[in-house]
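Please prepare a brisk report on this model.

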Amino acid sequence: MPSVHRSNFSNHQTQFSERKQKIIQQRKSLPIASVEKRLVEEVRKNDVLIIVGETGSGKTTQIPQFLFDAGFCRDGRVIGITQPRRVAAVTVAKRVSEECGVELGLKVGYSVRFDDATSESTRIKYMTDGLLLREALLDPYLSKYSVIIVDEAHERTVHTDVLMGLLKNVQLARSSSVSDGQGLNFGNKNVNNVMLEKENDQGGNFLKKPRHEKFAPLKLIIMSASLDARTFSEYFGGAKAVHIQGRQFPVDIFYTRHPETDYLDASLITIFQIHLEEGPGDVLVFLTGQEEIESVERLINEKLPQLPQGSQKLLVVPIFAALPSEQQMRVFAPAPSGFRKVILATNIAETSVTIPGIKFVIDPGFVKARSYDPGKGMESLIIVPTSKSQALQRSGRAGRERPGKCFRLYPEKEFEKLEDSTMPEIKRCNLSNLKALGVDDILGFDFIEKPSRAAIIKSLEQLFLLGALTDECQLSDPVGHQMARLPLDPVYSKALILASQFNCLEEMLITVALLSVESIFYSPRDKLEEARTAMKCFSSPEGDHITLINVFRASNDFLEKRSMEMSMAKSEKVYRKWCKENFINSRSLRHARDIHRQIQGHVEQMGLNLSSCGDDMLQFRRCLAASFFLNAAVKQPEGTYRALASGQVVQIHPSSVLFRQKPECVIFNELVQTNNKYVRNLTRVDYLWLTELAPQYYAMQN
Ligand code: ADP
Ligand code: MG
């Protein structure tokens with residue numbers, strides 16, 4: 001070996017072992033390290049254990065390692081840890097694999113929708129709660145797991161809540177006390193009979209255990225950052241709760257004197273104020289979504305040249321769900337010397353991921369949340385004030401390593417008006433997904449908190465209208481079962497199935513992929529006109545769906561041509577330039593391409609007919625009408641629209657290509673509420689198609 005190489009190699013080794021030493025030190029200094037033995041003991045003694053601990057105390061990264069070391073993975077069994085957010089599953093798995101000194105995907109791995117980094121040898125598996133629900137459909141006993149840790153249970157997402165109900169049953173089913181092998185009330189009967197022998201009873205939910213298999217009991221750990229463990233404990237029949245002492249330094253809270261009219265602007269001003277007036281320490285800003293984060297990122301970068309010469313520099317790092325995972329990891333890297341790091345995050349950074357180095361928190365006080373009106377059957381995403389407990393979690397992020405400061409961008413009296421805690425998502429969302437998640441009997445399911453009867457009935461009604469349910473409320477054959485196999489919202493699953501009949505599956509696949517990401521176009525405030533002009537070369541007079549397809553195809557053509565001519569790195573650069581020139585969000589488009597590839601895999605497996613309607617977009621629009629008939633709106637004399645299903649008055653969102661044209665009748669995919677109610681992602685349809693293609697609904701209506 002040439003000597004140059006050898007010396008490089010040993011240098012690398014030194015760095016490597018330094019890093020390893022540092023990680024060992026960090027692990028030892030975590031509050032949780034001193035209670036390892038006691039925690040393992042409690043897990044051995046209790047089948048259900050609730051662990052409450054301050055964010056950053058080491059729950060998510062350490063407990064699975066403790067259990068692995070204590071032998072919970074003997075005989076090839078797996079410890080599963082669920083997270084409500086994919087970002088957390090991915091970044092934590094990376095961190096833990098590094099702590100263990102193994103390559104990601106071997107002993108430690110993650111699995112999230114559309115991205116899997118696990119293998120046969122994975123023993124510590126981080127995943128989203130939604131993914132474990134899907135696994136439970138295929139293997140109702142979750143037989144390969146010895147322990148399941150439901151992390152971030154305080155978030156109370158729909159998936160977490162449903163998961164807890166299902167896990168309760170799995171645990172019952174696997175516990176040796178069920179000696180006769182029956183009497184379990186499983187929710188997911190429809191898929192169980194794939195794996196298991198179904199008892200020939202009167203159509204109830206009772207299942208037999210497979211005859212010859214013996215299951216070891218399943219250990220269940222519910223982890224939460226909030227102090228209120230009582231709800232969980234009661235739900236699991238008085239399960240034991242242990243508290244882990246955290247480390248928290250004092251945080252000074254500042255409020256604004258008056259309410260802020262524009263919290264993005266106020267955030268920007270505060271960032272620069274901190275940067276210029278405060279001592280060292282990184283800044284964490286809580287924004288509501290990708291669009292906001294990217295626009296603040298741009299604004300900061302534009303202002304950077306105006307910073308005084310010689311002052312400390314600013315490094316902006318965003319983190320949100322759709323960010324490619326290599327970029328998500330950037331928030332954890334310390335700022336280079338001479339730089340202050342400003343992290344722009346969604347509520348991911350509240351409790352899910354702990355970012356070191358933060359001393360200042362900016363909290364505008366808002367969060368994007370799902371909201372559902374069962375009367376109208378409409379779900380929408382709205383930006384709402386945080387709860388008190390969220391505000392406290394956010395400010396807590398400033399005091400993890402030393403005393404810090406939190407700037408709440410609202411007056412103190414507003415804080416008192418906030419709700420104490422956030423309402424569980426299951427009480428404010430459309431429940432039509434539950435059937436596909438394995439909840440067979442929604443009305444009878446053992447929820448931690450029951451959703452309203454009205455919401456349940458409305459969601460069943462919707463599934464029925466989509467043709468997914470039989471008159472007896474069972475998944476229909478084949479449509480309902482096919483829909484349940486796709487990891488998508490029921491309406492999108494149905495759209496794909498219909499599209500294969502309308503010979504436009506290729507177009508619908510692209511549409512569904514693009515609708516699954518936040519926004520493909522971006523329009524910076526100061527370049528609105530330029531952005532509009534750029535969009536024109538893709539825009540279709542028929543609406544946004546075809547416009548999106550045009551963008552996707554144009555990017556395909558561009559990539560194909562360039563990838564033949566140049567190297568990967570170069571073509572990546574050119575691709576980003578192309579996106580920038582066209583005011584296209586390259587991250588979103590990349591994410592959409594990823595999703596496209598994955599869904600295509602699913603539909604091919606299902607044997608759907610992957611054909612294209614070519615130039616016959618009429619066919620595609622008819623298919624859109626047939627799929628999204630529940631989201632149709634007609635123009636009113638004064639130029640607003642009336643959503644047919646809900647009767648709500650809505651307006652066309654300014655970002656739509658149909659904003660100026662105002663066609664008579666449209667279907668839409670999204671309702672956003674700000675001061676007004678806006679519909680987004682629209683296509684012009686013919687009113688008569690609705691009665692022709694969705695008679696089950698429109699004949700009923702009038
Ligand atoms: P908890 O789950 O109790 O909130 P975690 O186990 O997530 O705590 O974090 C424990 C410690 O590990 C924290 O100090 C955090 O800063 C550190 N940590 C977690 N993930 C990473 C990462 N990807 N890179 C560097 N440090 C990390
Ligand atoms: Mg955690």
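Glutamate 278 sits in the loop that links α9 (263-277) to β12 (282-286). Helices (H or I, at least four residues) and strands (E, at least two) are DSSP runs, numbered from the N terminus. The model is predicted: local features need pLDDT of at least 70, side-chain atom pairs count only at pLDDT 80 or more, and totals for chains, interfaces and linings use all residues. Residues are numbered from 1 along each chain as its sequence is written, while chains are lettered from A and ligands numbered from 1 in the order in which they are written.

Glutamate 278 is partly exposed because 13 other C-beta atoms lie within 10 Å. The cut-offs are 20 or more such atoms for buried, 12 or fewer for exposed, and partly exposed in between, with C-beta atoms placed from the backbone. Phenylalanine 360 is 82 residues away from glutamate 278 in sequence, yet their C-alpha atoms are 9.4 Å apart.

The largest nonpolar core holds 183 residues. Such a core is a set of buried Ala, Val, Leu, Ile, Met, Phe, Trp, Tyr and Cys residues joined through C-beta atoms within 7 Å. Ile319 is among the five that touch the most other members, with Val285, Ile343, Leu496 and Val512.

Now the ligand. The shell around ligand 1 has 16 residues, each with its C-beta atom, placed from the backbone, within 6 Å of the ligand. Lys59, Thr60, Thr61, Arg95 and Phe332 are the closest. α3 gives the most, with four residues.

| Class in the shell of ligand 1 | Number |
|---|---|
| Nonpolar (Ala, Val, Leu, Ile, Met, Phe, Trp, Tyr, Cys, Pro) | four residues |
| Polar (the others, Gly among them) | ten residues |
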